[in-house]
Amino acid sequence: MGRVWRVALAIVFAGFVLWYASYYTTIMVWEGRKILSWLAPPVLVAGLGALPWLVRRLRSGGREEAGTAAQAVGCVGLVLALGVAIGWLVYGSYQQDRVYMESTRIVAAPVPELTARAPYVVGKAQAAPNLGDVTGEISDVTYLPDSDRFSTLVERRGWLAGYEVGLVQDVPLGGTGRSQQRCAFDTDVADARISGWFTHNLGRKISAQRRWVRFEASDAYVTCSGDTPTVVIPLKRQTGFFVVTERPAGVALYNGRTGELTLLDDSTAVPGPSYPLSLAGRQREATAAVGGFSDWLFERSGWDESEDGANEGNESEFTLRYRDQSGLSAYVTPLTPQGEASSVVAVSTVPTRHQGGGLAPLTVHRLDPTWSSPQTIVALVKAEYRDVCCYNDDRVFEIVPTGGSTWTATVGSEQNIRYRVEGRGQIAGREATCLKSADGTLIRCAYAAPGSPEEKELKRREEEKRKRETSSPPAGEDLSKLTPQQLAELHRRVTEEVNRRLTAG
C-alpha cells in the first residue's frame with residue numbers, strides 16, 4: 001500500500017509541476033495535438049482490429065490459446081492501421097487545406113486600388129544606418145500601414161537580456177527617410193524578449209496569463225508612443241481534433257518602459273497589423289485545395305507566390321494600404337499557377353485587421369488580362385527606360401499590385417529610391433507603361449494608350465509647354481531669363497515691326 005501511495009504522490013507532484021510550468025505545458029499540448037491528429041485514425045483502426053483478440057484473450061483468462069481467428073483479425077487490424085497511417089499523412093494535409101479554404105472567396109472583380117510604398121528590402125536596409133550608437137541586433141523589420149512607416153525591433157546583446165530600442169522611420173518613395181523615432185526599453189524592468197532565456201522569455205509571460213496560445217516571432221513588431229516602446233505580438237490558437245488548424249487569438253502588448261504585459265481580444269486600438277502574417281500566408285498556401293483531392297495531390301489546382309527572383313527578399317504578403325482613405329490595409333500577394341507557368345494570373349488579399357476568433361476572409365481576384373511574370377517586367381523596365389535603369393547599385397525592386405490591373409515597380413538603390421514604373425496587364429499589349437519620379441510625378445511613357453489618363457496628362461503638359469515657349473515676354477523683362485524659343489520669338493517680332501515701319505515710311 002505504501003508503494004501505491006508513493007506512486008500516486010509522485011504522479012500528483014509531476015502533474016502539479018507540469019501545470020505550474022505553463023510555458024512548457026502549452027508547448028507540449030500544442031505539439032501534442034498536432035501529433036495526435038495524425039495518430040488518432042490509425043490507432044482507432046488498430047484498436048478496432050485488435051478488439052476481438054483482446055476480448056477472446058480476456059475470456060480465456062490470459063492464456064495463449066486465444067484463438068487463431070481472433071489473432072488473424074488482430075493482425076489484419078494492425079496492417080490496416082499502418083495503411084491508414086500512411087494514407088492519413090497525405091489526406092489529412094488535404095483536409096487541413098480544405099478547412100483553411102472555408103474562408104476563401106474567388107472572384108472576377110478587380111483588385112481594389114492600393115497605395116504604393118517603399119520596398120521592404122529598402123526599409124530593412126535603411127534601418128541599420130539610423131540606429132546610431134545602438135549595440136544590439138536587429139530582430140525584425142515590419143511595415144506599419146497605419147502610419148506608412150517601417151518599424152525595427154532591436155535585441156539587446158546577452159543571454160539574460162530583452163530588447164534595447166525600437167526604431168520607427170519614415171521611408172518615402174522619394175529618397176531616404178525624412179524622419180525617425182527611437183524609443184528605448186528600460187532594460188532593468190522590461191527585460192524579456194521573444195525566445196529569451198528563463199524568466200526573460202516573453203512566451204513564458206504570455207503563457208502565464210493565457211495558456212494554449214502561441215505565436216510566430218516573425219509576426220511581432222514594435223511601435224513607439226512618444227518615448228514608450230510597445231511590442232505587439234499577434235496570437236494564435238488551435239482548433240479541431242482529427243484536423244488541427246490555427247485561428248487568431250487576439251494580441252499581446254508588452255510595454256517597454258514598465259515591463260507590463262497586456263492581452264487583448266479586441267485589437268482595434270493596436271497601431272498596426274493585428275492579424276498574424278503567418279496565418280495569412282498559411283491561408284494562401286491552402287488555395288492548392290481549391291479542386292478535388294487528386295488535383296491537390298498532383299498539384300493541378302491552386303496558386304503559388306511568384307518565385308522568379310524579381311521580388312527576392314519579399315515575395316508574398318505585401319502589406320499595402322487601400323487608396324480610398326479608409327485607413328484599411330491588406331496582405332497582398334501576386335499568384336502564379338502551380339507548375340512551370342510564371343505569369344501572374346490572380347492576386348490574393350487578406351485584411352491586416354480582423355475581429356473575432358475566426359479566420360479572416362481571403363479573396364482571390366482573378367486577373368483578366370493576366371500579367372507577365374515579374375522577371376519579364378524587370379527586363380521590360382531595363383529595355384524601355386535604359387537611361388535611368390540600372391547603373392551602379394540601382395536595380396528594380398518589388399513589383400507589387402496597386403489595384404485593378406495595374407502594377408508598380410520601384411527603381412533605385414537600397415538607400416535612395418529614384419523612380420517608379422507603372423504598367424497594366426501584359427507588357428506585350430498596347431497599354432501604358434510609364435516612368436514616374438519616386439513621388440509619383442509623370443516623366444514619360446513608353447507608349448501612352450489613346451484615351452488613357454497618361455496620354456491626357458502628356459498632352460496637357462505639351463500644350464502648357466508650347467504656350468509658355470511661344471508666349472510674349474513682359475515688357476522690361478531681363479532678356480537673359482528668356483528661353484531660346486522665347487528669345488527667337490521676340491527677335492522675329494522685332495524684325496517684323498522694323499520691316500513694317502521701314503516699308504511704311
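**Figure 1. Lining of the largest cavity.** A116, R117, P119, E398, V400, T408 and T410 line the largest cavity of this predicted model. Two elements, β16 (395–401) and β17 (406–413), each give two or more residues to this lining. Helices (H or I, at least four residues) and strands (E, at least two) are DSSP runs, numbered from the N terminus. The space inside is about 60 Å³. Three lining residues are nonpolar, two polar and two charged. Here Ala, Val, Leu, Ile, Met, Phe, Trp, Tyr, Cys and Pro count as nonpolar, Asp, Glu, Lys and Arg as charged, and the others, Gly among them, as polar. A cavity is a set of points on a 1 Å grid over the protein atoms alone where a 1.4 Å probe fits but cannot get out; lining residues have an atom within 4 Å of a point. Points are joined across faces, edges and corners, and the volume is the space filled by probe spheres set on them.

**Figure 2. The second largest cavity.** The whole structure holds two cavities of 30 Å³ or more. Elements giving two or more residues are α6 (277–285), β13 (329–337) and β14 (344–351). By class, the lining has four nonpolar, two polar and two charged residues.

**Figure 3. The largest nonpolar core.** This core has 26 residues. V381, V396, W407, V411 and V421 have the most contacts inside it. Among the elements that give it two or more residues are β15 (362–371), α8 (374–384) and β18 (416–424). V381 touches R386, C389, V396, V411 and V421, leaving aside residues up to four places away in sequence. A contact means heavy atoms within 4.5 Å. A nonpolar core joins buried Ala, Val, Leu, Ile, Met, Phe, Trp, Tyr and Cys residues through side-chain atoms within 4.5 Å. Buried means under 20% relative accessible area (1.4 Å probe, protein chains only).

**Figure 4. Aromatic pairs.** The count comes to eleven aromatic pairs. Elsewhere, Y91, Y94, F293 and W296 form one aromatic cluster. Rings of Phe, Tyr and Trp (its six-membered ring) pair if their centres lie within 6.5 Å; planes under 30 degrees apart are stacked, over 60 edge-to-face, and the rest tilted.

**Notes.** Residues are numbered from 1 along each chain as its sequence is written, and side-chain values use heavy atoms, without hydrogens and water. In this predicted model, local features need pLDDT of at least 70 and side-chain atom pairs count only at pLDDT 80 or more, while totals for chains, interfaces and linings use all residues.

How values were computed:
1 Å grid on protein atoms, 1.4 Å probe; cavity = no way out; pocket = protein on both sides within 12 Å on 5 of 7 lines; lining within 4 Å. Buried < 20%, exposed > 50% of the residue type's maximum accessible area, 1.4 Å probe, protein only.
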